[in-house]
Amino acid sequence: MKYWPLLRCEFFPIVGGLKKNVRPEIPRKAIYRLSVYFRGLQRLKANGIQTVSSEALAKAAGVKPTQLRKDLTYFGQFGTRGLGYDVGQLSEMISDLLGTTRLQPVVLVGVGNLGLALLTYRGFAKEGFEIIGAFDVDAARQRGKGLPVPVHSMDKLADTIARHSVKMAILTVPVSAAQEVANQLIKLGVTGILNFAPIVLHTPEEVTVNNVNLAIELENLSYFVQH
């Protein structure tokens, strides 16, 4: 476990022989904003900036300084009054929290047009993720050359997940197959699903599903451009 300067660690009484660290529930939006802060810090590092104030970092992330400070206090106390945040240290801390200090293995299920576009996207590795396997019910279909990984049939999914200890999956299958495939992934140990199918998946509480519905996003934009 890494310990960071200025990180507040709270210890609580031993209960049942185990020392428990109780942390308040962290809103999902706060986790999302950590990724935004991280990208802002990376840009600062690239420009040779070593310290940044909460006001400047909040402005770069598009939030208020009070929101930035509140989000960070979920994880500890950072920064020095009058000096701001150490860019390198805060960047590394957030990367550690998000689990992107090393490449995390991801499987992609459903290699149609959207799945193929995601599979050939080269930016995932820069963000700490590696698609180590692609799977489809029609694995033999021609999909062009130069794919970063081969497309396997679904019967190879279990072996790949077990061999690489995969916990995350990208789901780009038709609506009719989404729940069934999600059930299969969960049974194999996947606990995080990025779902592109326009359907609400029913999953256990310990499984996190992030839905990406492009139609809803366009409808949202449509409202604002017309009002």
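Reply: Two strands count as paired if DSSP finds at least two bridges between them; the elements themselves are DSSP runs numbered from the N terminus, helices (H or I) of at least four residues and strands (E) of at least two. This is a predicted model, in which local features need pLDDT of at least 70 and side-chain atom pairs pLDDT 80 or more, while totals for chains, interfaces and linings use all residues. Residues are numbered from 1 along each chain as its sequence is written, and side-chain values use heavy atoms, without hydrogens or water.

Let's start inside the sheet. Strand β8 (residues 168-171) runs parallel to β9 (residues 192-195), and four bridges join them. Stepping back, you will see six strands in an open, parallel sheet, ordered β7-β6-β5-β8-β9-β10. At its edges are β7 (151-152) and β10 (208-211), each with a single partner strand, so one side of each has no neighbour in the sheet.

Finally, turn to a helix pair. The axes of α1 (residues 28-46) and α4 (residues 87-98) come within 9 Å and cross at roughly 145 degrees (lines fitted to C-alpha atoms, for helices over the stretch in contact; angles from 0 to 180 degrees between N-to-C directions). Residues making the contact include Ile31, Leu34, Phe38 and Leu41 of α1, and Val87, Leu90, Ile94 and Leu98 of α4.

How values were computed:
Contact = heavy atoms within 4.5 Å.
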